[in-house]
Amino acid sequence: MNMHIDQAKRILVANDRGGYTVPTDRLYPFQWNWDSAFVAMGFALYDTDRAYRELERLVEGQWADGMIPHIVFHQPSDTYFPGPSVWRTKHTIPTSGITQPPVFAIALRKLYEAAGTQAEARTLPLYEAALKWHRWWYKARDPEGTGLVALLHPWESGSDNSPAWDIALARVPTTTQTPVVRKDIGHVNAEMRPRDDDYKRFIHLVDVYAACGWDPAKQWEKAPFKVAEIQTTAILLKAGEDLEHLASLFGRTEDAAEIAALNDRTRKAILAQWRPKLSRFVSRDLISGDDVEAATQAGFIPLLSLDLDTGITDALVTEMKAWSKGLKVAFPTTKPGIASWEPKRYWRGPAWAIINWLLIDGLRRNGRPEAAEELRKSTIMAIETEGFAEYFDPVTGEGCGGLGFSWTAAAYMWLM
Ligand code: 9YW
């Protein structure tokens, strides 16, 4: 067997905490939402039972209103901040109070296809959980029915300190009720992490929403940060397509029609966010009403869930090539060379295997197998050279952040 696949599997074993996988030891010692969805797809390649367990353990944290939280704190650990006492969510199994990109239903379809029809009974409860979550997204995060879903916290994007938030987050005060006691910089070099002021603002938002009792309507009203986000919405649409597909397979015709209508509206809403002068799709800051023009990877993610016309696809691919030119590892999460570009600082430049995975699927869907292949090779080469790092410096290729990272292991297996 390929030595690296063997290593990838060993990482997933080492990060197993009893049917769920932590992203990496110590830095992220709990179950994270979208990490688990990617990890489940990795498991689906060789152990469908374990793949299902991953999603089953995640939905143990689902709220009565349908939200699947970004972190499920199955067991205590003191190596991460903010823990359950900061979130104050009062959920039976402690969880955070915000969510993360809904990759879940994309994974569920893959699991079902890997496991075969005998897995229908095991798939159904997870399908129900996904459906509830998708309804939550549209009700709680798009109450006006625009088709785009909004994030109330940068952590919900999974791209914590992306330049996409610089303007919207600057409005959030750095004052907090909860003392900010960073643990991340005890595990990873501070130069590779978000800054102190980012953390103060992240925690300010947690304090505001905890004071709303985590009620979605109150949060919507009080939110000092509200961005209708293109990457999350594009993921929701792809997941929505997969959910619609499962609904039809399971004979749930009413569900299928409901999801199809939501997907349709979202498809149109995403298309309306295309900006020819930027050659990208953009998010919208719902507090200022402005487009978010920051040059980040998010603007290309709609490739994943739309069948775009050739003009748009050409423009996207040309722009992606321009950003990748001269880099050791693609795809950069911020356009190289602009003022906010920091090639080692988390979501301000580094290349991430799971983002590449989404882009590769999107390029294939839109008839660009060569561009997809180039990105696939770049990702594989980075991992084989540097190991299963959390992310990679696109200029030097250096593996950065946490090591022995679960979703990098899953991505490697998936892309091989
Ligand atoms: C946090 C676990 C998570 C990822 C996010 C990434 C980071 C920090 O780590 O979040 O404290 O939640 O930005 O995408 O899910 O790997």
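**Note on the predicted model: a loop residue, the ligand site and backbone details**

1. Start with Ser279. This residue sits in the loop that joins β5 (274–275) to β6 (280–281). Its phi is positive, about 55 degrees, although Ser279 is not a glycine. Keep in mind that this is a predicted model.

2. Two cis peptide bonds deserve a look. One runs from Phe81 to Pro82, with omega near 5 degrees. Pro82 belongs to the loop between β2 (71–72) and α4 (84–87).

3. The other cis bond links Ala330 to Phe331, and here omega is near 0 degrees. Phe331 is also a loop residue: its loop lies between α13 (310–324) and α14 (353–365).

4. Now the ligand. How many residues surround the ligand? The count is 15. The closest are Asp35, Tyr80, Gln100, Gly158 and Asp160. Sorted by class, the shell has ten nonpolar residues, three polar ones and two charged ones.

5. Which side chains place a polar atom by a ligand oxygen? Asp35 is one of them, with a polar side-chain atom 2.6 Å from an oxygen atom of the ligand. For Trp34, a polar side-chain atom lies 3.1 Å from a ligand oxygen. For His70, the corresponding distance from a polar side-chain atom to an oxygen of the ligand is 3.3 Å. Cover by the protein is 100% of the 380 Å² of accessible area that the ligand has on its own.

6. Last, charge pairs. Side chains of opposite charge can pair when their charged atoms come close. The structure holds 39 salt bridges. One of them joins the side chains of Arg10 and Asp6, at 3.6 Å from N to O. Both residues, Arg10 and Asp6, lie in helix α1 (residues 3–14). They are four residues apart, about one turn of the helix.

How values were computed
Residues are numbered from 1 along each chain as its sequence is written. This is a predicted model: local features need pLDDT of at least 70, side-chain atom pairs count only at pLDDT 80 or more; totals for chains, interfaces and linings use all residues. Side-chain values use heavy atoms; hydrogens and water are left out. A residue is near a molecule or strand if one of its heavy atoms lies within 4 Å of it. A polar contact is a pair of N or O atoms within 3.5 Å; within protein, one must be able to donate a hydrogen and the other to accept it, and residues adjacent in sequence count only if both atoms are side-chain atoms. Accessible areas come from the Shrake-Rupley method with a 1.4 Å probe; for residues, only the protein chains shown count as cover. Ala, Val, Leu, Ile, Met, Phe, Trp, Tyr, Cys and Pro count as nonpolar, Asp, Glu, Lys and Arg as charged, and the others, Gly among them, as polar. A salt bridge is a side-chain nitrogen of Lys or Arg within 4 Å of a carboxyl oxygen of Asp or Glu. Helices (H or I, at least four residues) and strands (E, at least two) are DSSP runs, numbered from the N terminus.
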